[in-house]
Structure formats: structure tokens, C-alpha cells
Amino acid sequence: MSNKYFLVFLAFLFSVSVYSQHGRHRSSLISGRVMSTEKEVVDFATVYLKGTNQGCYTDEKGIYHLKTTAGEYTLVVSAIGYQTVEKKVKLAKGERIKVNVTIAPAVKELGEVLVTTSGVSRVNQSAFNAVAIDAKKLHNSTQTLAGALTKVPGVKLRESGGVGSDMQLYIDGFSGKHVKIFIDGIPQEGAGAAFDLNNVPINFADRIEVYKGVVPVGFGTDAIGGVVNIVTNKQPGKWFMDASYSYGSFNTHKSYVRFGQTFKNGFMYEVNAFQNFSDNDYYVDTYVREFEIKEDGSVRFPPLDKNKIYHLKRFNDQYHNEAVIGKIGLALSFNYSHFYKEIQTGVYQDVVFGEKFRKGHSLVPSLEYYKKNLLVKNLDLLLTANYNHNITNNVDTASRAYNWRGDFYEKGSRGEQSYQNSESKNRNWNGTLKMNYHIGQAHTFTFSHVISDFERTSRSTIGASSKFTDFSIPKITRKNVSGLSYRLMPSDRWNVSAFAKYYRQYNKGPVSQNTDGIGNYINLSNTASALGYGAAGTYFIWKDLQVKLSYEKAFRLPTTDELFGDEDLEAGKMNLKPEKSDNVNLSFSYNHQFGKHGLYAEAGLIYRDTKDYIKRGLDVLGGTSYGYYENHGHVRTKGYNLSLLYSFSHWFDIGGTFNSIDTRDYEKFLAGSSLQESMHYKVRMPNLPYRYANINANFYWNDLFVKGNVLS
């Protein structure tokens with residue numbers, strides 16, 4: 001018997017019971033509607049009279065009807081994930097009264113870790129290893145989205161320089177392309193350099209959700225390391241405005257403004273705009289390649305002394321970006337961003353550039369459609385689509401060679417690294433489909449499908465008089481990820497999910513037939529597909545002590561940069577295979593409020609066994625240094641993370657995290673047919689942080705001078 005009919009049967013039994021006991025008396029009636037504080041209907045909520053056997057459930061419209069006899073009662077309304085509400089009611093004989101009830105999400109707040117039903121509860125009460133940050137507490141600060149993420153256990157942010165520099169976000173030992181970024185559940189693949197997490201101010205977000213390791217099928221992604229979902233404010237006020245400006249070292253300027261309005265008819269608009277600017281002229285400690293210009297114009301190079309280190313200022317590292325994000329209603333949004341970045345060094349720090357730079361812009365419109373009870377009751381549909389039109393210019397036309405002092409000499413040939421003035425046009429379509437089907441309160445089926453279509457074409461002025469000339473072979477990749485899951489949640493104490501994912505990717509692009517990898521291109525294509533699966537469960541051992549366990553056979557498809565490079569400092573590789581990994585997460589968390597004192601503690605264990613790991617390497621070809629990617633046979637990750645947070649009322653909180661993540665090379669033999677054991681067997685993978693920690697403390701002075709003011 002399905003839950004739907006079982007509930008109807010229970011309601012029938014209640015009505016029979018009421019009739020048999022009180023049929024000789026004139027009945028009274030209590031009816032009404034149950035809504036959430038977010039103005040959403042709460043269906044299948046339990047409504048009963050305390051101390052009696054009289055009760056019922058709300059229907060799909062949140063309406064209930066409850067017959068009883070005259071008297072004074074306590075009406076109790078409860079639903080999974082919401083606070084239980086009790087109301088005193090008094091009924092006269094034969095009287096009919098209407099009692100509408102509003103129930104609020106169950107909220108437990110501690111520092112920057114929230115556990116709520118509305119929003120964050122759907123993260124923390126899920127079976128997946130996930131946590132959320134309340135971004136609102138950090139608004140009007142100089143924090144970026146990336147900086148706020150460092151407070152999450154297992155998360156490490158590493159930047160290669162100042163404002164606008166390359167950023168690596170590590171989650172439990174996996175970094176960069178292993179971690180996928182979403183905004184309101186919409187994938188941000190190919191969003192452009194101006195919209196990196198380390199450029200977007202914290203005010204843009206309402207909260208940040210972090211899924212570590214095993215990822216729900218609802219995201220429809222091929223992440224092995226995890227997912228970061230930026231959730232924006234979905235309930236803005238009637239009229240609002242928020243603005244901030246900051247100035248810092250190295251001539252750094254950051255500003256942000258957000259404003260919008262919601263009209264009486266429900267129509268709303270919102271505009272977010274921000275900019276970052278910095279000269280990034282900070283100091284570095286490095287050796288210097290000296291040179292002398294002789295009287296005849298020739299250049300003499302003294303012997304290089306790498307032991308002699310100088311404290312020198314960067315001089316070609318200015319960066320600025322500007323972005324505008326607009327929303328119309330809850331369905332349509334767009335963002336436009338622009339960036340300019342001077343390139344100080346190549347992939348090695350001793351390679352210095354004095355005039356090389358990169359610039360670009362992108363336009364990203366997005367659409368979202370949501371339909372509740374599609375065709376049949378309890379079937380919900382979410383459709384999203386976005387188009388990313390991104391153009392990047394790489395300019396390297398100087399005929400000079402620089403050293404770290406800023407000194408230069410004329411080379412006699414153009415190009416500090418390689419002579420170019422090129423334009424790359426990236427067109428990226430992303431579409432998502434997500435369907436949820438609920439059977440009662442306990443059973444949920446979810447189906448998702450994500451399609452991503454990417455094409456890059458390039459053109460250059462090099463070799464042409466003054467016009468751009470198109471490269472003849474476009475670079476194309478098409479990715480499809482489908483997922484199906486079932487969740488059993490009989491109570492708010494435990495739930496379990498099982499799922500399967502299907503991955504497919506088609507790649508097509510130019511491959512050089514020359515030994516040096518340059519020129520003589522032919523068009524090649526390949527297709528890869530895989531089937532993944534997994535399960536996740538959570539259980540509240542006690543009211544405040546929760547355990548989570550999850551496993552996934554996961555796959556990660558190569559990204560466009562790994563396949564095709566960036567047309568400048570990174571070289572692509574068309575025949576990369578998808579990474580495949582067995583991921584296991586186990587975590588315990590404790591969250592309790594002792595009056596005004598709050599305590600949150602978390603401990604997690606991580607295990608990843610990865611085959612065909614995509615590793616970045618560095619090489620020099622014809623005097624040009626560049627990065628490249630290749631599959632590496634076998635990598636194993638083990639580790640743990642700890643987190644402890646304490647808060648006192650709304651005045652003070654202090655907390656910290658400690659992480660130990662050990663990623664080692666488990667490819668025993670050298671590549672090829674050789675049986676010679678690799679000297680790197682069981683050695684740590686290079687350039688991955690393996691032990692890191694942070695601590696932070698906050699003091700809040702509430703109602704400073706005027707009620708509502710907060711000094712933090």
C-alpha cells in the first residue's frame with residue numbers, strides 16, 4: 001500500500017473513531033491552513049489534539065479539518081524539519097473555528113555554522129557530508145566568497161599572488177578542477193576569470209553550501225572533490241540598498257553595491273555590481289638574471305648565482321575587474337564581467353615579463369523555471385539554462401627581455417614568451433533538468449540531467465597585415481551527466497540515499513603531428529562514457545550528535561582547459577581519460593546550545609582511491625615554458641579534519657579547524673611495459689598542502705547607538 005493511500009486510511013480510522021465515540025453528540029470542527037514562515041505550503045504536516053487520539057494530516061494545499069467535541073484543547077502542529085507549534089483552542093458545542101498556523105524552520109545557530117530547515121537544513125540534515133556558512137554575518141566586510149570558505153573544515157584556499165591571481169580551492173586534498181562551482185544550483189563552467197570566487201565579494205551570497213566528496217545527483221555534476229553552491233537571497237525586502245568600499249596595500253581598491261525592489265504585485269528586480277583593482281606591487285625574494293649591454297649593443301650575461309637572493313618589487317602585475325549581475329523576477333538573470341591582467345611571470349618564477357598582458361569579458365544570461373505538482377501531485381520540476389559568451393585576448397608583442405629589477409634589453413625579435421596577439425571566443429551552453437517525486441514524507445525520487453556544450457574558436461593578427469585571421473579548427477567538448485536517486489527519510493532522526501550516475505563526453509579538436517607539438521594540425525575526436533553509483537546515510541545518535549557515512553564510485557571528466565589549454569601558458573591534451581575514484585566519507589558532529597553558550601564540534605575521515613588521476617606538470621619547449629596535463633595511474637588520499645566552534649549569545653564566537661590530508665602516488669611501476677619500480681611509489685604528490693589549520697574570533701556589539709546597528 002502506498003504512503004498516500006495509507007495516510008488516507010489513517011485519516012479514515014481517525015474519523016471512524018471520532019464518530020463512534022461522539023456520534024451521539026453534536027460535533028465541533030477545527031480547520032485551517034499550515035504555512036511556513038517562508039510563505040510556503042506545508043503538506044503532510046501532522047495536526048492533533050494533545051492528550052487525545054484525534055488527529056489528521058494537511059493536504060497538498062496545507063489545509064486540515066479536525067472534528068471533536070466541545071472543550072479546551074491544545075492543538076499541536078508538527079512537520080519534519082520544522083519547530084513544533086502548540087496553540088490553545090476553546091470550542092463550544094457545535095462551534096466551527098478557523099485556526100491558521102505558521103511554523104518556522106528548526107534553527108540552531110552557532111558562529112558561522114547553521115542547521116536550519118529553510119535552506120541550510122537541507123544541507124546539514126542530508127545524508128551527504130556537507131556544511132554551510134551563513135554569509136550574512138560577513139556582509140559589509142572585505143571578505144570574498146573564497147576567503148569565507150576557508151572556515152569550513154577540510155577547505156584550503158591557496159592563491160599564487162595578489163588580487164586577481166590564480167586561485168586553487170582545496171577540499172579534502174582535491175583541488176581546482178576537482179571542485180565544481182554552482183550559483184543557486186546552476187553550474188558556472190566557463191564563467192570567466194573576472195567571476196572567480198576570489199573576486200566576488202561576500203555580500204553577493206546569502207549562504208554558501210559545501211558538499212565534500214560524495215555529491216548529490218541533484219547537482220548533476222562530475223566532481224570528485226566536491227561542490228560549492230553559492231545561494232543568493234531569494235526573499236529581498238521591498239526596497240534595499242547595500243554598498244561598501246575598501247582600500248588596502250599595493251593600491252588596492254574594492255567596492256560593491258547592491259540594490260533592488262519588490263513591488264506589491266510580487267515583481268522584483270535586483271542589481272549587484274562590484275570591482276577590484278590592485279597594482280600588486282608587493283615584494284618577492286628571488287635571484288636575478290643579470291645582464292650587461294656593451295658599447296656595440298650586444299648583451300653579456302654574467303654567471304647566474306642562484307644563492308644570491310634579492311628583495312624586489314613586482315612591476316607588471318596590475319589587475320582590475322568589473323562585474324554587474326542583474327535579476328528580474330526569480331527566473332531571469334544576467335551577468336557581465338570584464339578583466340585586465342598583466343602577466344608578471346610564466347609558469348616558473350624566474351621567467352619575468354614586463355609588458356605581457358591578458359584581458360577579456362563575458363556575458364552570461366540565465367533562465368530558471370520551476371513547476372510544483374507537474375502533471376501529477378508531488379512531482380516537482382526545475383529547469384535552468386545559461387549561455388556563457390566569453391572572449392579572451394592574449395597579447396605578447398614586446399621585443400624586450402626583462403629581469404626582476406625591471407631592467408630590459410632589446411631582443412631583436414618580438415614576444416617575451418611567444419609572439420602573439422590572439423583572441424579566443426568561448427561559447428558555453430549549460431542546461432539542467434531536475435525532477436523530484438515525493439511519496440508521503442518518507443520517500444523521494446530524484447532525476448537530474450545536465451548538458452554542457454563548449455566550443456572555442458581562435459584568431460590572431462600574427463601573420464596577417466592588420467586583421468584577425470581565424471584558426472581553421474574549432475575546439476569542441478560536449479558533456480552529459482544523468483543521475484537517479486532514492487531517499488528514504490522516515491523521520492528527522494535518520495535517512496538514507498542510494499543513487500547512480502551516467503557520464504558521457506565527446507571531444508573534438510586539433511592535434512599536432514609534429515614532435516615539438518607545434519604545427520601540422522589534424523582534427524581528431526574521442527568519446528568517453530562511464531557509470532557511477534553510491535549511497536549515503538545519516539543518523540542522530542542523540543538529539544545533538546549526528547553521524548554521516550557516504551560512498552561513491554565517482555568519475556570526473558576532463559575540463560576544457562585540460563583538453564585544450566588556455567592558448568597561452570597552458571597546453572592541452574586531447575586524449576585525456578576521465579578520472580575514476582572510490583570516495584568514502586565518515587563524519588561525526590555535535591551541536592548543542594547551553595543557554596547562551598553554543599558548542600559545535602565536528603570530526604571527519606576521508607578516503608579517496610583515484611585511477612587515471614589528471615596531474616599538471618611543467619615543461620620547457622624551444623625556450624618556452626608552459627604547463628601541461630597528463631593521466632597519472634594511481635593516487636590514494638587518506639586524511640581527517642577537526643573543527644571546534646564556541647559562541648556566547650550574539651556577542652562573541654571563536655573557532656578553528658585542523659586538517660591533515662595525505663595524498664600519495666600509488667603507481668608502483670614506471671610508465672610503459674617496464675617492471676621497474678617507480679622511485680615516487682608511496683611518495684606524497686607534489687604541490688598539494690597536506691596539513692593546514694585556521695582560527696578565527698569575532699566580537700559583535702549589537703544595537704550600537706541605534707537599534708539594529710552592529711559593530712563586528
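Contact means heavy atoms within 4.5 Å. This is a predicted model, in which local features need pLDDT of at least 70 and side-chain atom pairs count only at pLDDT 80 or more, while totals for chains, interfaces and linings use all residues. Residues are numbered from 1 along each chain as its sequence is written, and side-chain values use heavy atoms, with hydrogens and water left out.

**Nonpolar cores**

Leaving out residues up to four places away in sequence, Val228 touches Leu149, Leu169, Ile171, Val179, Lys180, Ile181, Phe182, Ile208 and Glu209. Val228 is also one of the residues that touch the most other members of the largest nonpolar core, which has 29 residues, and Leu145, Leu149, Leu169, Leu197, Ile208 and Ile230 are listed with it. A nonpolar core is a set of buried Ala, Val, Leu, Ile, Met, Phe, Trp, Tyr and Cys residues joined through side-chain atoms within 4.5 Å; buried means under 20% relative accessible area, exposed over 50% and partly exposed in between, with a 1.4 Å probe and protein chains only. Among the elements that each supply at least two residues of this core are helix 3 (145–149), strand 13 (167–171), strand 18 (226–231) and strand 26 (319–328), and helix 3 provides the largest share, 4 residues. Helices (H or I, at least four residues) and strands (E, at least two) are DSSP runs, numbered from the N terminus. Another core, of 20 residues, lies apart from this one and includes Val34, Ala79, Val85 and Val99. In soluble globular proteins, nonpolar side chains tend to be buried together.

**Aromatic rings**

A search of the whole structure finds 15 aromatic pairs, where rings of Phe, Tyr and Trp (its six-membered ring) pair if their centres lie within 6.5 Å, and planes under 30 degrees apart count as stacked, over 60 as edge-to-face and the rest as tilted. Two of these pairs are set out here.

| Pair | Centre to centre | Angle between planes | Class |
|---|---|---|---|
| Phe291 and Tyr409 | 4.9 Å | 65° | edge-to-face |
| Tyr387 and Trp429 | 4.4 Å | 35° | tilted |

Phe291, in the loop between strand 22 (283–286) and strand 23 (292–293), and Tyr409, in strand 31 (residues 408–410), are 118 residues apart; Phe291 is buried at 15% relative accessible area, and Tyr409 is buried at 17%. Tyr387 in strand 29 (residues 379–396) and Trp429 in strand 32 (residues 420–439) are 42 residues apart, and here Tyr387 is buried at 18% relative accessibility, whereas Trp429 is exposed at 52%.

**Strand 29 and its partners**

Strand 29 is largely enclosed by the rest of the structure, because 14 of its 18 residues are buried. Two strands pair if DSSP finds at least two bridges between them. Strand 28 (residues 357–371) and strand 29 pair in the antiparallel sense over 13 bridges, with Asn393 as the bridge partner of Lys359. Strand 29 and strand 32 also run antiparallel, joined by 18 bridges, and Asp396 stands opposite Gln420.

**A buried asparagine**

Asn316 sits in the loop between strand 25 (310–313) and strand 26, and counts as buried because its relative accessibility is 4%. The side chain of Asn316 reaches the backbone oxygen of Ile343 at 2.9 Å and that of Lys356 at 3.3 Å. Beyond its neighbours within four places in sequence, Asn316 is in contact with residues including Glu342, Gln344, Phe353, Gly354 and Glu355.

Notes:
A polar contact is a pair of N or O atoms within 3.5 Å; within protein, one must be able to donate a hydrogen and the other to accept it, and residues adjacent in sequence count only if both atoms are side-chain atoms.
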